[in-house]
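Subject: Structure handover

Hello,

Here is the structure for you to look over. Please open it alongside the notes below.

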Amino acid sequence: MDKQEIFRKAKDAIVEADEDKALRVVEEAREAGIDLLDLLLSGFGAGNDEIGDRFDKGVLSLPELIYAAEVMKSATGAILEYLDQDGTDSAHGEKKGTVILAAVAGDVHDIGKSIVASTLRTAGFEVIDLGCEVPAEVILEEAKKHNADIIGTSALLTSTMSEQKKLEKLLQERGEKDNFITMVGGAPCTPRWAKRIGADGYSEDAVEAVKVALELIEKKYKSKNKMEE
Ligand code: B1M
């Protein structure tokens, strides 16, 4: 079976909310040597976009959306288990930094954030995933407790993006802004949004998140070293 066919089956599995099919596709892709992260983001991701559109147009009901989301969660879980395993197998070298990750208060969408957690771990970061619906105060507390380098927040709703702004404001008010790098992501976020609220980085997907995190960490330590010289 070729890659396009496997990706189409992955999309169908989400649209049809067929868990068995989704898990079979993961195994088929693994056997065919297909990049599982690509399958997750582009194959299953296309299914997610489709159900999102159908829900938006009123063609799909909320229970149907929830059902399809459960299938996406299962497929994501199966793939991340393989990716985390592969990451552990190939993990070497020193830790790149510590990242606190959370979906902001009022937001239950955690599928994308979990993928970001996985790619960052694979790249050598220690990731403390606080889960979803996490208030800004708790995120800051945890970042201080774990001496984090980066605070990453995910927002999928236009109504919860303001929580990312709230976190930036809180960091400023508490005099903590210079102690942490902040990254934002999630479908409604843009580079413009990140700039507007004063976040240090934005990334569109879980692959770019690694690139941005590495760049920001490097920048932080370069300027720290300069100050110590
Ligand atoms: Co909801 N939902 N949902 N939903 N849901 C959206 C987001 C929506 C766009 C659907 C639509 O109408 N087209 C819409 C938001 C509209 C808006 O605000 N503009 C919406 C709505 C309205 C709602 C409810 C309000 C519905 C209701 O109750 N009436 C409700 C809100 C609940 C709440 O949060 N309070 C709701 C509920 C749900 C479910 C529970 C059913 C389920 C979530 C299950 C879960 O996550 N545990 C769900 C789902 C599945 C979706 C869609 C269909 C898919 C989201 C997803 O998982 N995508 C979504 C439509 C869509 O996005 N096409 C939709 C796959 C994932 C891999 O992508 O999350 O974008 P994503 O993550 C990417 C990037 O964004 C990026 O990397 C990830 C991987 O590449 N990224 C980061 C994410 N975080 C990052 C952080 C970073 C960097 C990159 O740095 C820190």
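This is a predicted model: local features need pLDDT of at least 70, side-chain atom pairs count only at pLDDT 80 or more; totals for chains, interfaces and linings use all residues.

His109 sits in the loop that links strand S1 (97-103) to helix H5 (111-122).

The ligand has 36 residues around it. Those that come nearest are Gly106, Val108, His109, Asp110 and Ser154.

- Val108: a backbone N or O atom is 2.8 Å from a ligand oxygen atom.
- Ser154: an N or O atom of the side chain is 2.8 Å from a ligand nitrogen atom.
- Thr158: a backbone N or O atom is 3.0 Å from a ligand oxygen atom.

**Ser154**

Ser154 belongs to strand S3 (residues 150-154). Is Ser154 buried or exposed? Its relative accessibility is 10%, so Ser154 counts as buried, the cut-off being under 20%. Leaving out residues up to four places away in sequence, Ser154 touches Ala102, Ala103, Val104, Lys113, Gln164, Gly185 and Gly186.

**Gly131**

Gly131 lies in the loop between strand S2 (125-129) and helix H6 (136-145). At 21% relative accessibility, Gly131 is counted as partly exposed. Setting aside neighbours within four places in sequence, Gly131 contacts Leu101, Ala102, Ala103 and Lys113. Ala102, Ala103 and Lys113 are also among the residues that Ser154 touches. From Gly131 to Glu218 the C-alpha distance is 27 Å, with the two 87 residues apart in sequence.

**The nonpolar cores**

The largest nonpolar core has 45 residues. Which members touch the most others? They are Leu39, Phe44, Ile79, Leu120, Phe125 and Ile150. Helix H4 (residues 62-90) supplies the largest share of this core, eight residues. Domain 1 (3-85) and domain 2 (92-228) each contribute at least three residues to this core.

Take Ile79 as an example. Beyond its neighbours within four places in sequence, Ile79 is in contact with Val26, Leu36, Leu39, Leu40 and Phe44.

There is also a second, separate core of 14 residues. Leu140, Ile151, Leu170 and Leu171 are included in that second core.

Best wishes

Terms used: Residues are numbered from 1 along each chain as its sequence is written. Side-chain values use heavy atoms; hydrogens and water are left out. Helices (H or I, at least four residues) and strands (E, at least two) are DSSP runs, numbered from the N terminus. A nonpolar core is a set of buried Ala, Val, Leu, Ile, Met, Phe, Trp, Tyr and Cys residues joined through side-chain atoms within 4.5 Å. Buried means under 20% relative accessible area, exposed over 50%, partly exposed in between (1.4 Å probe, protein chains only). Domain bounds come from an automatic or database domain assignment. Contact means heavy atoms within 4.5 Å. A residue is near a molecule or strand if one of its heavy atoms lies within 4 Å of it. A polar contact is a pair of N or O atoms within 3.5 Å; within protein, one must be able to donate a hydrogen and the other to accept it, and residues adjacent in sequence count only if both atoms are side-chain atoms.
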